[in-house]
Amino acid sequence: MLTTFKAFATHAKQWRYGDVDPATVTEKQLRNYVAARIAAGITARTIQNEVSHLRRAVRGAGRGDWADAVTNAQLGVPAGTRIGVGRVVDTDVLAHALAHARADTRAWIQLERCLGLRREEMIESYKSLKQWEAALTRGQSFITIRHGTKGGRVRDTVIPTPYRARALAAIRAALEVTKATPPYLVNATTTRAAQKQVHERFAALGLTGKDSGHALRRAFCRDNYEHYLSEGHSEQDALAMCSRDLGHGEGRGRWVWNNYLRATYEQQT
């Protein structure tokens, strides 16, 4: 949401709206913002999310009726499904990648797969690896992810008991990698260079497209979801907990189903 507000403020400055405020923003200003985002090549789903963020701010300023009356169609928001088509990583592709990866690359893959880390979180994880190892070794059921998170939001990610040993192995393998290039996990001069290096290494191993790093996160999500169900949680509660584990907050369970799990389960039926 903060990213959206900053983007809208930048747009307002370029169009000389002056200081924009949820209490005074107009339909024309929102419509112009949507048009500018379309022209910039922003995807339909992202624009939909941004408009949703702006509506929430307007409602918070006491203009709920106005926010609800101005439709997406009036604002020119492009149509597009909010249901993702991504599936969990293909097991054969993952096995091939792990078998042929260098030790450092294998550690990167396993951190994303076994801990559900985003790419930047994996790159920045060298700051937390020792704390995670200590937490899981003493039987703690979760790790605290602080660095590289979206919007700087700290979260506790549950590592269920059946998967704790593999998560601990991934962490320890990553710690071994940091010994070669202390203190970093990915040996690069900048975060952008590190991201490029990881992307190229993954792509060379087949972890690209539908089997990209995000597919590794989907596999982590599926494992946790099925574990929560096995413990007797309802589907709604299990999805809420998965959303929390992934860093989306507990209120986006339905979104997690649509974008992390739905395509995988539909393929199985």
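Which residue forms a salt bridge with Asp211? The partner of Asp211 is Lys210, and the closest N and O atoms of the two are 3.1 Å apart. A salt bridge is here a side-chain nitrogen of Lys or Arg within 4 Å of a carboxyl oxygen of Asp or Glu. The structure is a predicted model, in which local features need pLDDT of at least 70 and side-chain atom pairs count only at pLDDT 80 or more, while totals for chains, interfaces and linings use all residues. Residues are numbered from 1 along each chain as its sequence is written, and side-chain values use heavy atoms, with hydrogens and water left out.

The chain contains 14 helices and two strands. These elements are DSSP runs numbered from the N terminus (helices: H or I, at least four residues; strands: E, at least two). Along the principal axes, the C-alpha atoms fill a box of roughly 55 × 45 × 35 Å. Of the 269 residues in the chain, 45% are buried. Buried means under 20% relative accessible area, exposed over 50%, and partly exposed in between, with a 1.4 Å probe and protein chains only. Among contacts (heavy atoms within 4.5 Å), those between residues 24 or more positions apart account for 66% of the contacts with a separation of 6 or more.

A search of the whole structure gives 18 salt bridges. One of them joins Arg113 to Asp223, with the closest N and O atoms 2.8 Å apart. Arg113 belongs to helix 7 (residues 103–115) and Asp223 to helix 12 (residues 213–230), so this pair ties together parts that are 110 residues apart in sequence. Arg113 and Asp223 are both buried. Glu266 is partly exposed at 46% relative accessibility, and Arg262 is partly exposed at 26%. Elsewhere, salt bridges that share partners join Arg113, Arg166, Arg222 and Asp223 into one network.

Two packed helices are described by the angle between their axes and the distance between the axes. Helix 13 (residues 235–246) packs with helix 14 at an angle of about 75°, and their axes are 8 Å apart. The axes are lines fitted to C-alpha atoms, for helices over the stretch in contact, and the angles run from 0 to 180 degrees between N-to-C directions. Helix 13 is thus roughly perpendicular to helix 14, a term that covers angles of 65 to 115 degrees. Helix 13 contributes Leu239, Ala240, Cys242, Ser243 and Leu246 to the contact, and helix 14 contributes Gly253, Val256, Trp257, Tyr260 and Leu261. By class, this contact has eight nonpolar, two polar and no charged residues. Ala, Val, Leu, Ile, Met, Phe, Trp, Tyr, Cys and Pro count as nonpolar, Asp, Glu, Lys and Arg as charged, and the others, Gly among them, as polar.

The largest nonpolar core has 53 residues, and those with the most contacts inside it are Ile109, Leu111, Leu115, Met122, Trp132 and Ile171. Such a core is a set of buried Ala, Val, Leu, Ile, Met, Phe, Trp, Tyr and Cys residues joined through side-chain atoms within 4.5 Å. Leaving aside residues up to four places away in sequence, Trp132 touches Leu115, Leu117, Ser125, Ile143, Thr144, Ile145 and Ile171. A second, separate core of 14 residues includes Leu30, Tyr33, Leu54 and Val77.

Several single residues were also examined. Glu121 is placed in helix 8 (residues 119–124) and is buried, at 1% relative accessibility. With residues up to four places away in sequence not counted, the residues that Glu121 touches include His147, Lys150, Arg155 and Arg217. Arg16 lies in the loop between helix 1 (2–14) and helix 2. Although Arg16 is not a glycine, it has a positive phi of about 60°, and Arg16 is exposed, with a relative accessible area of 76%. The peptide bond from Pro182 to Pro183 is cis, with omega near -5°, and Pro183 lies in the loop between helix 10 (161–180) and helix 11 (191–204).

How values were computed
Angles under 35 degrees count as roughly parallel, over 145 as roughly antiparallel, 65 to 115 as roughly perpendicular and the rest as oblique.
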